[in-house]
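My notes follow the order in which I checked them.

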Amino acid sequence: MAFEESEFMIPELEIEENLIAAARHVVRALGSKKNLTGDAKKILADLGSQLHSISIVSSKEEQEQQEQEERLKFIEEVIMNLEEDQIEYLNAADEARQLIEKFESLHISQEDKEYKLLNRAYSILQTAMSQIEQVFKNLLSQNMQPFEPEYVSFRSNEEDLHLADENSVTSNESAESFRRDSMNKASEDYILDLVSPDVIPHLRCIADLMFASGYGQECCHAYTMARREALEQCFAILEIEKFSIENVLKMEWNTLNSKIKRWIWAVRVFVRVYLASEKWLSDRIFGEGEPASQACFVDVSKPSMLKLLNFAGAVSIGPRKPEKLFKILDMYEALSGLMPEINDLFQDKAGLLVRREFLEAISQLGDCVRGTFLEFEHAIASDVSTSPFVGGGIHPLTRYVMNYLETLTDYGEMLNRLLRDKGETEEGASMELHFRSVASILECNLDEKSKLYKDLPLQHLFLVNNIQYMTRKVKGSDELGSIFGDDWIRKRKSKYRQHALNYQRYSLSCILSLLKDDGIQMQGCSTSSNVVSKNVLKEKLRRFNIAFEDLYRVQTGWNIPDSQLSEELRISLSLKVVQAYRTFVGRHSNQISEKHVKYSAEDLEGYILDFFEGAAKSLHSPRKS
């Protein structure tokens with residue numbers, strides 16, 4: 001029957017005492033015997049062989065232990081002298097590791113002689129690992145290669161932007177569009193050697209040894225500390241500054257605008273170049289696809305990645321001013337475009353936090369885009385003027401809004417997706433609805449601004465200028481034309497043409513009434529007599545001259561910036577005025593002497609060419625040919 005060893009465990013000392021007593025008994029028995037039987041001789045022969053075997057095994061074990069002690073002594077001497085050849089040093093540390101594995105496989109107890117050797121080997125390996133960890137870190141730090149992405153230059157793009165007029169939405173954002181294209185081309189995937197390639201094999205050997213020796217955590221810590229220092233230098237090279245949320249929220253727009261430009265450039269280079277290179281480095285040292293490689297890469301890069309995302313978060317919760325929309329869209333575009341790289345770099349559970357934070361930053365920026373666009377609409381509606389715009393030309397608000405919309409078309413698909421309300425499925429519906437809403441709000445505002453003019457003709461001329469400008473901007477842009485549609489363009493053309501007719505009617509009604517054969521207005525333009533006399537004709541001409549001179553003085557100060565539109569209106573005015581004047585003078589040429597005809601038809605035609613130049617003039621004498 002088998003017994004549990006724990007129940008009937010006999011102490012070794014007691015076993016040895018019993019063995020000695022038995023041997024003494026055998027010796028006494030042999031002394032009283034002169035002859036032995038065959039069985040007795042056989043048993044004694046077997047006992048002698050067993051005793052001889054025990055002696056040999058004991059001798060071999062003692063010799064092996066002595067060799068192990070001598071080998072540990074040699075290993076310890078190598079380990080204590082780090083100045084020796086590092087390859088020999090690593091080999092010695094690895095040999096200490098192998099001895100530990102061998103001792104552990106024997107399941108030795110504290111009473112065994114090997115137990116002391118095991119503890120000694122542990123101590124030697126611990127000393128070696130401590131020194132190797134420092135060597136590992138020093139190799140990483142001392143062989144770090146500077147991060148200099150010379151293939152992409154932020155400063156050259158920055159200089160290009162200074163050529164743009166900061167007050168112009170069109171020029172400023174066109175330059176920004178150029179920058180986006182340049183960055184996308186320049187920031188294609190590049191892998192740089194962040195550490196000298198010559199030491200990579202040595203680093204890999206150290207990492208393998210530390211992990212095999214059970215010091216993987218210490219190895220990862222040393223790697224993380226060294227590479228974080230390198231990453232700080234990368235931030236300095238890219239001129240990435242660290243700002244708190246409070247700092248960002250307090251920044252003036254010009255300052256924040258500059259910081260955003262730098263951030264957009266830097267985040268693309270950081271992810272596509274630096275982090276791609278950092279991931280490649282960790283894969284070469286720890287093994288591609290190994291959990292240690294992914295864990296070390298994430299530990300190195302996560303803090304800096306979160307700092308970059310914190311800036312985006314701070315910007316997205318700031319005041320939603322219309323001038324910020326383009327930069328918010330650029331930030332959204334930059335992060336959205338980097339999402340595939342982020343998914344590749346920060347895989348599995350280790351990179352889950354970074355992936356989540358990245359998506360959250362994109363979501364926050366998207367919310368900011370929607371909110372800022374709504375604020376843009378509100379800003380247009382609430383833009384109140386207390387005095388009329390001089391000359392009735394194109395109001396700055398009209399230019400700003402239409403240029404703003406035109407620039408937004410550069411973000412077409414992305415903006416359409418962001419503006420689409422829940423439940424909308426029709427492609428393009430969001431931008432069409434929102435852009436038309438903006439245009440309607442602008443038109444309502446312009447109607448209110450037109451009422452600030454005391455001159456009724458100038459009210460209509462102001463609307464002609466501004467609605468024609470809106471129509472021209474939409475028609476001149478394929479993107480805006482597609483969004484607003486031909487029907488919108490036709491309706492706006494009809495609208496500003498009607499305002500043009502109203503302008504002409506209110507401008508010329510009084511002056512043309514003076515050229516009719518229905519008597520003279522003694523007060524205003526009412527008919528006082530049906531009898532056309534020479535004095536009446538003279539008075540009509542005098543009143544006409546006064547009215548025309550007043551019209552000239554006023555409308556030369558009015559402004560039509562569009563040359564084609566101003567030419568069309570001048571021709572229309574000339575046809576009406578000059579034709580009526582020529583007819584009137586010709587019909588009564590026998591009754592009116594030349595000295596009473598102050599202006600010829602050609603004079604009037606020439607003077608009308610001065611209209612709408614935006615600089616008021618006065619007529620003192622007829623033109624001289």
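**Cysteines, core and surface**

I began with Cys 220, which is buried at a relative accessible area of 15%, where buried means under 20%, exposed over 50% and partly exposed in between, with a 1.4 Å probe and protein chains only. I noted that the model is predicted, so that local features need pLDDT of at least 70 and side-chain atom pairs count only at pLDDT 80 or more, while totals for chains, interfaces and linings use all residues. Residues are numbered from 1 along each chain as its sequence is written, and side-chain values use heavy atoms, leaving out hydrogens and water.

I then searched for disulfides, taken as pairs of cysteine sulfur atoms within 2.5 Å, and the count came to zero. For Cys 220, the nearest cysteine sulfur belongs to Cys 296 and lies 3.1 Å away. I also looked up Cys 234, which is buried with a relative accessible area of 1%.

Next I took the largest nonpolar core, a set of 165 residues in which Phe 136, Phe 270 and Met 305 have the most contacts; such a core joins buried Ala, Val, Leu, Ile, Met, Phe, Trp, Tyr and Cys residues through side-chain atoms within 4.5 Å. Helix H10 (residues 253-286) gives the most to this core, with 16 residues, helices being DSSP runs of H or I with at least four residues, numbered from the N terminus.

Finally I checked helix H15 (residues 412-419), in which six of the eight residues are buried, among them Met 414 and Asn 416.

Technical notes: Helices (H or I, at least four residues) and strands (E, at least two) are DSSP runs, numbered from the N terminus.
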